[in-house]
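Subject: Structure for your files

Hello,

Here is the structure we spoke about. Please look through it first; my notes come after it.

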Amino acid sequence: MKKYSNLIASILILIISFIKCWYSGYLYDLLFIFKIIIDLILLIGYFICLITNIRSLKQKINVINIITTIILVITVILVLFFPFRKIKTNYELDIYEKDRLEVINMIKNKELNSDEIGNVDLPNKYKMLSTSGQVFVYQNSSKEQVIGFWVFRGMLSGSELLIYSSEGEDLIRNNINAYSITNIEMLKDNWYYVKIDY
């Protein structure tokens, strides 16, 4: 079993890293300190596993050491370069579209009201639609709506939203300061993945 311990550790680090990255928006918003602790534990575990694997490779190159090395490289590539938030948003777009449209209709019909800033606290049934459990109303009139579901609500590193716009990208740009928008990508009719710098 000791022979496989480094391989098992590398697989666990890969799985935990994937789960942590997939749910990073929730962790960051709800448990910022907890996310830092998880990152630190994973980083320490990764380097212990890497050093142990390098020592094993120096002693003897075998299939287990090569597989462990490949898993460690895949872990780094996933964590550093894989667009988890965007892929997760695309994945959940169709799954939660009906629920999100219900929320939009409730906001339009004034069943859900925003505070003075524009935040709307979602009912418990809909909390999973936004990482913070809130949506942001940029515009809500009888003809036009621009409503953002938080994907990542950053402090210093910018934020990412799934935005519903009844009249397309121009309406988003008219309601969000153009200098704040760093990227807009249309995912499907009326739905946009938007990165902003606040």
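Predicted model: local features only at pLDDT ≥ 70, side-chain atom pairs only at ≥ 80, totals over all residues.

Residues are numbered from 1 along each chain as its sequence is written, and side-chain values use heavy atoms, with hydrogens and water left out.

Overall fold. The protein has six helices and six strands, taken as DSSP runs numbered from the N terminus (helices: H or I, at least four residues; strands: E, at least two). Their order along the sequence is α-α-α-α-α-β-β-β-β-α-β-β. The C-alpha atoms fill a box of roughly 70 × 30 × 30 Å along the principal axes. The radius of gyration is 21 Å, whereas a compact globule of 198 residues would have one near 16 Å; the value is taken over C-alpha atoms, and the globule rule is 2.2 Å times the number of residues to the power 0.38. Of the 198 residues, 43% count as buried (under 20% relative accessible area; exposed is over 50%, partly exposed in between; 1.4 Å probe, protein chains only).

Strand 4. In strand 4 (residues 159–165), seven of seven residues are buried. One side carries Ser159, Leu161, Ile163 and Ser165, the other Glu160, Leu162 and Tyr164, and both faces are covered. Strand 4 pairs antiparallel with strand 3 (residues 145–152) over six bridges; pairing requires at least two DSSP bridges between two strands. Phe149 stands opposite Leu162 there. Six bridges also join strand 4 to strand 6 (residues 191–196), again antiparallel, and Lys195 is the bridge partner of Glu160.

Surface patch. Ile11, Ile15, Phe18, Ile19, Tyr23, Phe82 and Ile87 form a nonpolar patch with about 580 Å² of accessible area together. Patch members have over 30% relative accessible area and no salt bridge, and nonpolar side chains (Val, Leu, Ile, Met, Phe, Trp, Tyr) are joined within 5 Å, like charges within 9 Å. A salt bridge is a Lys or Arg side-chain nitrogen within 4 Å of an Asp or Glu carboxyl oxygen. Areas are from the Shrake-Rupley method with a 1.4 Å probe, and for residues only the protein chains shown count as cover. Helix 1 (residues 5–22) gives the largest share, four residues. Phe18 lies in helix 1 and is partly exposed at 34%.

Cysteines. There are zero disulfides (a pair of cysteine sulfur atoms within 2.5 Å). For Cys21, the nearest cysteine sulfur is that of Cys49, 17 Å away. Cys21 is buried at 8% relative accessibility, and Cys49 is buried at 2%.

Regards
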